[in-house]
Amino acid sequence: MSRIETLLAAMTCEEKIGQLVMATAGYAVTGPVLASDATEGVRAGRIGGMLNLWGAEHAHAIQRMAVEESRLGIPLLLGFDIVHGHRTIFPIPLAEAALFDPVLWERTAREAAVEATRDGLAVTFAPMIDVARDPRWGRIAEGPGEDPWVAARFAEAKVRGFQGSNLAAADSLVATAKHFCAYGAATAGRDYASVDVSERSLHEIYLPPFQAAIAAGCAAIMPAFNDIAGIPMTAHVALLRDWLRGQAGFDGVVISDYNAIAELVPHGVAGDLVEAAALALKAGVDIDMMSNAYSRGLPMALDRGLISIHDIDEAAFRVLTLKQRLGLFDDPYRRGGAGTIDPSAERARRELARDVARRAIVILTNAGVLPLASGAQRIAVVGPLADARADMRGSWSAAGDANDPVTILEGLRAALPHCEIAYARGVDIESEDVSGIGEAIDACRSADVILMCLGEAASMSGEAASRADPVLPGRQRELAEAVLDLGRPVVALLSSGRPLMASWLVERADAVAATWFLGCEAGNAIADVVTGRFDPTGRLPVTWPRDIGQSPIFFAARPSGRPANPADHFTSKYLDMSVEPLFPFGHGLSYTRFALSNLRLSAETFRPGDDIVASVDVVNEGSRLGEETIFLFIRDVVASVARPLLELKGIAKIKLAPGERSAVHLSIPASAFSFLGLDFRPIIEPGRFELSVGTSADRTNLITVSVQATAG
Ligand code: NOJ
């Protein structure tokens, strides 16, 4: 018998259920606060895991309780939401997605794992890999944007980063890919709302990122809060058992979302907690995060014959196996053990935070006002986000100190010591008070250039932060218009967890930048970009609508039988607005200009198993060093199931000096041209494909060639 089987054989039913229970700690300034029933539960073996408890000392204290005071001495699983950094807070995932750089995505996860494990943690509830196409949904901030191919690359990079090469290592964290699945398709962008997506969308859009996470070895999965067409994910046998464990071969642990098992009752699929617990367990949910459904419901579910002890054994086996893989049985104190802190590694982490943050900034428009002219000048900084320290952390601040982030104002002051910088907040983020606008206008009157720091509070995106109308909140528009009316050069910096609806601002300001929530180095990163110390490289990982009425809007739309034609009334368009977004996916300006030409392929035809290499020449036509991101799309022109107008299949980056020309080569396997046919099996249908490259998904600016698939 294996160690786990021996252990399982020695366990009572209550102890087995205990392994499936995850309780939470509260948090006070002094550290974690544990309810007395939680400590009792740990000692009695009724709790197998905890969340929100961190700090080596606290982690070891509770671990000691489990290991030394419970009958079988089974260590606890300690988890936390380390979504974009632990103590060093990196940009929110949507911002990090704008890097289109798997190497850096992996590095930030690795650094987060190093910090989190030092705090005694073993599990993160990340990466969040929900494809999201609706800016109303606040959780769009937490994930990699609209595209499944990008989400898949993001998923594998994050899993590799968090878990490292050996889960038992003292600095490895279990990654929990979430939220499984289609959570981003919440009806009307309202968090926790029902989802109704087709079987095809599930397989083409929402499942591939999870498939990629699993292929990268992801050890845990969290089902989403939502139902899909009436079946809550927490009880979804077809997806959790048949697809996840069966088809995708996932053998790790399924951890419910917070209270989600109990919520099967209000969802309307369980009559009581007992039925809820039975449904979740039967679907393959191993750990009950905070709903008490397993502790209270499973014993009764056994009595009622809704489940068998075998179901409990299976789940407990998986949880214990994960603890073993983490090395917890060998040394429960490995994470958080006294290691020496290397100051140079700490500095490097902080530098990484700055580098990633500046790479995440997307310059949306620039009429030449950026980078700021060098030399002394008078600068006015206005707006409620200029000095919003804690907000810079974004939606998941983990153990990040609210006093730690560098504000935009501080970053600018440090970068521009010779400039006279006047600051006035003007208005608060959300208040109706406009009494500060006059002072802000005074500060701007004699300025050579004005930086307006506008946007949302960090709490306005993330969980339970949907917005029906994601415009600039409060009276910020009034402030901005008064500033713009001065007729001086204005740069608008938008802090937000989503694309904000601000077409009017884009029309009027001389430059607009999406600065998201960039984490602890926000201010320095923004200063690096606006001063031109760093040439901006960020590209939009989501389509930016003109108006929320266009949502959901994304580049991989299917063709209409009546494509939009302004001259033809009966076509797919709006009467009151263009169908084009404000900015396409992939958009983002540099301070230099790149031109692409001469797209060619290694072959004009291919068959299954072949690889094609697409090459394109790129020239830096501007006068500064810069980096461009090249996107490669395909379109299957005629297929048995209509294919999207564009499907992203590859990305390349190239850095060029002024005047320099070089070629980019992208290798595409034939499998990239396959899709799920009428019978949902992958197929490459012979015929013509279009292959396009460009610097965004703007179809009017792509270079396209044809390639022919021949029968295998
Ligand atoms: C609820 C959120 O949906 C999930 O993403 C998170 O991991 C848990 N709460 C735990 O904090």
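Angles under 35 degrees between axes count as roughly parallel, over 145 as roughly antiparallel, 65 to 115 as roughly perpendicular and the rest as oblique. The structure is a predicted model, in which local features need pLDDT of at least 70 and side-chain atom pairs count only at pLDDT 80 or more, while totals for chains, interfaces and linings use all residues. Residues are numbered from 1 along each chain as its sequence is written, and side-chain values use heavy atoms, with hydrogens and water left out.

Two packed helices are described by the angle between their axes and the distance between the axes. Axes are lines fitted to C-alpha atoms, for helices over the stretch in contact, with angles running from 0 to 180 degrees between N-to-C directions. Helices (H or I, at least four residues) and strands (E, at least two) are DSSP runs numbered from the N terminus.

Helix α7 (residues 148-163) and helix α9 (residues 208-215) have axes that come within 8 Å and cross at roughly 25°; the two are therefore roughly parallel to each other. The crossing of α7 past α9 is right-handed, a crossing being right-handed if the near helix is turned clockwise from the far one by less than a right angle, and left-handed if anticlockwise. In contact terms (heavy atoms within 4.5 Å), Pro148, Ala151, Ala152, Ala155, Glu156 and Val159 of α7 meet Pro208, Pro209, Ala212 and Ala213 of α9. These residues comprise 9 nonpolar, no polar and 1 charged, where Ala, Val, Leu, Ile, Met, Phe, Trp, Tyr, Cys and Pro count as nonpolar, Asp, Glu, Lys and Arg as charged, and the others, Gly among them, as polar.

On α7 there is also a contact with helix α6 (residues 102-118), packed at an angle of about 35° with the axes 7 Å apart. This crossing of α6 and α7 is right-handed. From α6, the contact residues include Pro102, Trp105, Glu106 and Arg110, and from α7 they include Val150, Arg153, Phe154 and Lys158. By class, the contact of α6 with α7 has 9 nonpolar, 3 polar and 5 charged residues.

The axes of α8 and α9 come within 5 Å and cross at roughly 45°, and the two helices are therefore oblique to each other. Leu202, His203, Glu204, Ile205 and Tyr206 of α8 make the contact with Pro208, Pro209 and Phe210 of α9. This contact divides into 6 nonpolar, 1 polar and 1 charged residues.

On a 1 Å grid over the protein atoms alone, a cavity is a set of points where a 1.4 Å probe fits but cannot get out, and a pocket is an open set with protein on both sides within 12 Å along at least five of seven lines; lining residues have an atom within 4 Å of a point. Grid points are joined across faces, edges and corners, and a volume is the space filled by probe spheres set on the points.

The largest pocket has a volume of about 1,200 Å³. Its lining consists of 46 residues, with Pro148, His203, Glu204, Ile205 and Pro208 nearest the centre. At least two lining residues come from each of α7, α8 (199-206), α9, α10 (237-247), β23 (647-656) and β25 (675-676), and α8 gives the most, with 6 residues. The lining of the largest pocket contains 26 nonpolar, 10 polar and 10 charged residues.

The structure also holds 6 cavities of 30 Å³ or more. The largest cavity has a volume of about 90 Å³ and is lined by 16 residues, of which Gln19, Val42, Gly45, Ser70 and Ile74 lie nearest its centre. Its lining divides into 9 nonpolar, 4 polar and 3 charged residues.

Backbone features were found in loops. Alanine 126 and proline 127 are joined by a cis peptide bond with omega about 10°, and proline 127 is placed in the loop between β6 (123-124) and α7. Another cis peptide bond joins serine 551 and proline 552, with omega about -10°; proline 552 is found in the loop between α20 (522-530) and β19 (594-601). Asparagine 52, although not a glycine, has a positive phi of about 65° and lies in the loop between β4 (49-51) and α4 (56-69).
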